[in-house]
Amino acid sequence: MVLKSKTAEANFDSLLRIFTVPEGPGSTLTKIEEEISQNLNQFLREHIVSEEKPLKAIEQDFLSSQIPELPEFVSDHTQHLLDKVVAQSVHTSAPSFIGHMTSALPYFLMPLSKIMIALNQNLVKIETSKAFTPLERQVVGMLHRLIYSGTDDFYSQWMHSANHSLGAFCSGGTIANITALWVARNNALKAQGTFQGVEKEGLFRAMKYYGYEGLAILVSERGHYSLKKAADLLGIGQEGLVAVPTDEHHKVKPEALKKTIQRLKQQRILPFAVVGVAGTTETGNIDPLAEIADICQQENCHFHVDAAWGGATLMSNQYRHLLHGIEKADSVTIDAHKQLYLPMGAGMVLFKSPTSTHAIEHHAQYILREGSKDLGSRTLEGSRSGMAMLVYACMHIISRAGYELLVNESIQKAAYFADLIQQQSDFELVSEPELCLLTYRYVPEQTRLALQQSSGDTLARLNQQLNELTKFIQKKQRESGKSFVSRTRLNPDRWQHLDTVVFRVVLANPLTTKDILHAVLEEQRHIATLAPLLLSQIQHTTESILSVGNSHEPSITP
């Protein structure tokens, strides 16, 4: 006997049920909710498959471009999501997946997220957010105080002022950086005399009025790619994003910054903003913020700090000195979905002056009326969710002291892993950790010696062979599904600034143990043996270099 599969009907009564009546106690969706509530990490571990499926194969499950004519039962579709989406997702919270910026999440965020979604507040205007608007303003005030250490009187005066803003919530660091530089551009080309300001008359007339041949944003060679988007959107072009040379620790050279500013001014190009990086994406290094701030003050440039990575370090009394000078910044980006342990989509930009955002203020008659406390009047995004509630919850449940423990642990764990790598005869630490990021690569023991004795084309050939091996190991490790490290390219001084492919790890997950770190290296060492051809090429080049080096050694007469 053939059983007919159940099909749902598209009738209004059925539709009303999905808006009002929850699934029964034995349904797939209810079971999932229970599993997530009891042990989130175990649920993910059980439902995300360990063996990676090729992207082409996954695409086969998502080929139809037609919207279904008939509805599916909730439980049936939930099972479909488990089989086709969850199973092939990236286990970003796994303790052995140390290549991501994301980490394990506190369990309480799952049920609180349900409340946030159920309320479905839109923080663009007070009529659709009410309690969320003062809550978001308070959270912005908390982060502002963390950076700028204002007084009680300062926050009493400005935090809830309808005509002012201490910052803005954004979907992430990219929008936060764009917002900060948008403010900087508009303030640099503000209304004056007969000129109504760049926001009204546009960039062409602004440049003509002020007599500039161009505009520039200055940032280190390790600046985030979002700054290119900002340069594009703000009309200065990507060539207007000027890279400033960095030292061997990937930090901006202050003297080089001064010279670059002077060179641009001589060309009648206005350097209206300088971006200091507090935690580069690739290596986690921090620019000399205090020195950059002093230069910006002398040159009348807006000083923005991209602290999307490192901002949370301010929570730690032990390590906040690493960000010395950030309090001098005109604006700061922080991503809560990094080391504040929030889900994706929680970025912030903070402004030192409560009047900074006047430069980007927009109003409309039906919404964002003047004098209203609508937050959308000073944000790039219009409609926004109530993510601030989750940040608010974490601030209270974890607290500053709790965050300090998490930050301290992550920095110390990175130092431990760097130490462990340096103890290995067949691994090379490429960038030492300042925060919780570091880079390294696998290099056979004899090859490490050969690197030191080679130069020019020989060094370049050996380095390229090691690059291929690093890419092979990283790809195979990701595909095995046991652990994950990311990879990037650096140009180390010690290897004559050659493009060097390296492993990159982020040790922010509090569930990552020292045993896991040992296991990651062991797995990489094993994977290297699975590339005999690459190893043979490296060995051949190594022997060639060492034999030449030995031939130059003086003979010893007995």
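**Buried residues, helix contacts and cysteines in a predicted model**

Serine 165 is buried, with a relative accessible area of 6%, where buried denotes under 20% relative accessible area, exposed over 50%, and partly exposed the range in between, computed with a 1.4 Å probe on protein chains only. The structure is a predicted model, in which local features need pLDDT of at least 70 and side-chain atom pairs count only at pLDDT 80 or more, whereas totals for chains, interfaces and linings use all residues. Residues are numbered from 1 along each chain as its sequence is written, and side-chain values use heavy atoms, with hydrogens and water left out.

Serine 165 occupies the loop between α8 (152–158) and β1 (167–170); helices (H or I, at least four residues) and strands (E, at least two) are DSSP runs numbered from the N terminus. The side chain of serine 165 reaches the backbone oxygen of glycine 167 at 2.7 Å. When residues up to four places away in sequence are not counted, serine 165 touches Ser353, Pro354, Thr357 and Arg378, a contact being defined by heavy atoms within 4.5 Å.

Arginine 378, itself one of these partners of serine 165, lies in the loop between β7 (347–351) and α15 (388–397) and is buried, with a relative accessible area of 3%. A polar contact of 3.3 Å joins the side chains of arginine 378 and glutamate 361; such a contact is a pair of N or O atoms within 3.5 Å, of which, within protein, one must be able to donate a hydrogen and the other to accept it, and residues adjacent in sequence count only if both atoms are side-chain atoms. A polar atom of the arginine 378 side chain also lies 3.0 Å from the backbone oxygen of alanine 162. Leaving aside neighbours within four places in sequence, the residues in contact with arginine 378 include Arg137, Asn163, His164, Ala168, His358 and Ile360.

Two packed helices are described by the angle between their axes and the distance between the axes. The axes of helix α6 (residues 109–119) and α15 come within 10 Å and cross at roughly 145°, with axes taken as lines fitted to C-alpha atoms, for helices over the stretch in contact, and angles running from 0 to 180 degrees between N-to-C directions. On the α6 side the contact is made by Leu109, Leu112, Ser113, Ile115 and Met116, and on the α15 side by Met389, Leu390, Ala393 and Cys394. The axes of helix α17 (residues 445–453) and helix α18 (residues 456–480) likewise come within 10 Å and cross at roughly 145°. Here Thr447, Ala450 and Leu451 of α17 meet Leu459, Leu462 and Leu466 of α18.

Cysteine 394 of α15 is buried, at 0% relative accessibility. A disulfide is a covalent bond between the sulfur atoms of two cysteines, and is assigned to a pair of cysteine sulfur atoms within 2.5 Å; by this rule the count comes to 0 disulfides. Cysteine 394 is in no disulfide, since the nearest cysteine sulfur, that of cysteine 436, is 17 Å away. The sulfur of cysteine 301 is 5.3 Å from the closest cysteine sulfur, in cysteine 296, which is too far for a bond, and cysteine 301 is buried, with a relative accessible area of 6%.

Alanine 176, found in helix α9 (residues 173–188), is buried, with a relative accessible area of 0%. Apart from neighbours within four places in sequence, alanine 176 is in contact with Cys170, Thr333, Met348 and Val349.
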